[in-house]
Every structure is written in structure tokens, then in C-alpha cells.
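Hello,

Here is the structure I promised to pass on. My notes on what turned up follow below it.

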Amino acid sequence: MKIKIEQIELRHVMMRLVAPFETSFGVEQDRACIVVAMRAGGLTGYGECVAASEPGYCYETTTTAWHILRDFLVPAVIGQEMADIPSLIARYARVRGHPLAKAGLEMAAWDILGQAQGRSLAQTLGGVRDRVEVGVSVGIQPTTEALVERVGRYIAEGYARIKIKIKPGRDLTDARAVRAAFPNIRLQVDANSAYQLADAPLFQQMDDLNLLLIEQPLAEDDIYDHSKLQPQLKTPICLDESILSADHARAAIELGACRIINIKAGRVSGLLEAKKIHDLCHERGVPVWCGGMLETNIGRASNIALASLPGFTLPGDISASSRYYFEDIADPPFVLNPDSTISVPTAPGLGVKVNPKNLERFTVAHEAFNA
Ligand code: OSB
Ligand code: MG
């Protein structure tokens, strides 16, 4: 089956988070993304490019992603016949880097192809679960006391796994306080690249907190120093920012730089590469889990489908829709089941319905490209 890509529409969307989200690289109150609408064969597929307003998590921003999409990716695929995902990717293979921009476009194509074949994204990817285990990622709070209270409220809502963000000056004390208040909760920390190898003694002090993992302690481009840090710790290191491809994952595993990998389709240029990383890790017995980028329900549907693959054995950073936004641009909302899971969509493609009124309301810029 071949489908001609007739139109691609880009929308710069801004949505207010229910609460500000603070990490070691900054605070976000209004979250930006680019919604990609692809029209082909009478169908519309949606993708979410997760580039943020500022280059804190990675070098891409909403503005660079818009440039790469408008000037390079869209021209490479518009008017072209699409048979499958590899044939789509081949058309823009000469564009180096910019994984978040590529992943937004690729997601829309997965949605179209799934709809055309009458298969859910989870089915297409090879998912084996109808519900996925989830947790919540808790930003840095004004005080340690406020953090403990915030975590307590998420646990009361039913989240069975908590991740707290750390930064220099708000690390050991915060982690110890949360562990002391909740001795049995599954707990992990995320440093978002804020430390150096010389901080190894700090992370050694976390070894008796029974953490599931320590996420991305060192620089985003430094797999090597993580391989120097991991042997000094009992707690597994999990890489996020450092892993941009299956080749990076293989290098990190073979170097002993981590024992767990966080997979985000955006960071690795799309779901096809995300599945490759999953397959490699699954073969080698390395646990993976699905990371999040504060997605709308479009990106969340994609994350949940990905997390239904068999190697995703740790809870994902995939929370209920209400944890992020008061109102979303796609329905139905994702809700937390009593067993700290979220159900996998079963409708064809992403399995969510975009709400045109809300999408229009949150759009700050848009541009359409026709074949
Ligand atoms: O490092 O995992 C991260 C959000 C934005 C950028 C980076 C990260 C995060 C999160 C949020 O931790 C996870 C979520 O979407 O709930
Ligand atoms: Mg992370």
C-alpha cells in the first residue's frame, strides 16, 4: 500500500501546565510543542514534536524544529508516496541531527499508516500489554517540605513510582527526606546532566536510599564519564540525554556506562529508532522505561503504545492527563487506574481524537504546505 502525502500543517502550540515544572536546567510554566498534521489518502495523522521554548534539555527549540521541519523535512516528503516508515525516513536521511523535529513528523506518519491498516500503534509496534505501569516525575519544589507534601499527594492519587528532579544544592537532602517519609515507595532521581564525575561521592551517599536508578547525572554528551561513575555506585545509572540512537545505546551498554535506559521517541528521532533501542536492550537483558516530555494527549498516546513493548519493565514517566493540563487538545483523557497503570489505546493509529476547538485555541502560529 502506498499513500501520497498531500498536505502537512504545522502548529506552534502553547499550553499552561497545571503547575510550574522545575528541573536542573530551568522552570517551565507554559509548555510549547509543534503539532504536525499530515493529510494523506483521505486520512489525517497527528504528531507531536516535543521541542521546548528553550534549549535546556537538548539543543533543539520550538523555533529550530520549525525551521528544520519547514525548510528541510516537509519539502523532502510532501507530494511523495509513503509505503512504510523506513521509506519515509529515507527521504530525509540527509538531514543531520534534529531528532525532535524528525520524530514529530514520523509520529504523524505512524498515525496515518495505522489508520490506513486499521491497527493501533501498540499493535503495529508489537506491544504485548493492554495497560502500562506508570509513575510521576516531580519537579523541584520551593522547599524540601513542599516536595514531601507534593509527593504525598501523588502517592495518595495512586502513583506507585515517584521520580524527583535534583540539582546541586537540592539533591541528597531532598532524596533523603522523600525516602524517610515514604520508606517503601519505588523512588528514583533525575539530575538532567547537572553534575561532574568529581561528584561521585555525592551519588555514593545515595546508595543506601534504595533508589531504582539515578538518571543522567553527568553531561549529555559524555557516555565515557558515566562509564567511570557507574562502577563506583551500587545504584544503577539510567541514561536519558546521552542516548540518541541504538548505536549510542550499544556503546553505553558495552562501556558499562549505565544499567538501564530511558527511551523517548523524540530524543532518538522517532518510534522506529526507539523500537530498535528497545529490541537491543531486550536482547541484552537491559531494562528500559518510557520517558516523558510533558506531552499533550497526542504524544502521550504514542508513549503509552511504545511502553506496551515487552522490554519496558520499569514504570514510565507517563502520568494521567490531569497531572499536566487543565484542558488538552486530544480526547479522551488518560486516567490512572487503581493499580498505577494507564490503559493502552486500542483504536487505529494513535487512538486519540484531536479536539479542533482546543487545538485552535492553543495555537500561536500555523503554516500549511501542500503537494
Ligand atoms: O528529563 O525526563 C526528563 C520533562 C521535560 C524534559 C525532560 C524530562 C522531563 C520529565 C517529565 O521528567 C516527564 C513527564 O512527561 O511526565
Ligand atoms: Mg530525564
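Domain bounds here come from an automatic or database domain assignment. On that basis the chain splits into domain 1 (3–118 + 354–370) and domain 2 (123–343), and their centres, taken over C-alpha atoms, are 23 Å apart.

Please keep in mind that this is a predicted model: local features need pLDDT of at least 70, side-chain atom pairs count only at pLDDT 80 or more, and totals for chains, interfaces and linings use all residues. Residues are numbered from 1 along each chain as its sequence is written, chains are lettered from A and ligands numbered from 1 in the order in which they are written, and side-chain values use heavy atoms, with hydrogens and water left out.

Counting contact as heavy atoms within 4.5 Å, 35 residues of domain 1 and 41 residues of domain 2 take part. Buried area is the accessible area (1.4 Å probe) that two parts lose on being put together, summed over both; between these domains it comes to about 3,300 Å², with 67% from carbon and sulfur atoms. Val18, Phe21 and Tyr57 supply 22% of what domain 1 buries against domain 2, more than any other three residues.

A salt bridge is a side-chain nitrogen of Lys or Arg within 4 Å of a carboxyl oxygen of Asp or Glu. The structure holds 23 of these salt bridges, and 2 of them cross between domain 1 and domain 2. Glu327 and Arg361 form a salt bridge through their side chains at 2.6 Å, N to O. Lys167 and Glu22 form another, at 3.0 Å, N to O; this pair links distant parts of the chain, 145 residues apart.

A polar contact is a pair of N or O atoms within 3.5 Å; within protein, one must be able to donate a hydrogen and the other to accept it, and residues adjacent in sequence count only if both atoms are side-chain atoms.

Finally, the ligand. Ligand 1 is surrounded by 16 residues (a heavy atom within 4 Å), and Ser137, Asp190, Asn192, Leu294 and Tyr324 are the closest. Oxygen atoms of ligand 1 lie 3.0 Å from a side-chain N or O atom of Asp190, 2.8 Å from a polar side-chain atom of Asn192 and 3.3 Å from a polar backbone atom of Met293.

Definitions and conventions: Helices (H or I, at least four residues) and strands (E, at least two) are DSSP runs, numbered from the N terminus.
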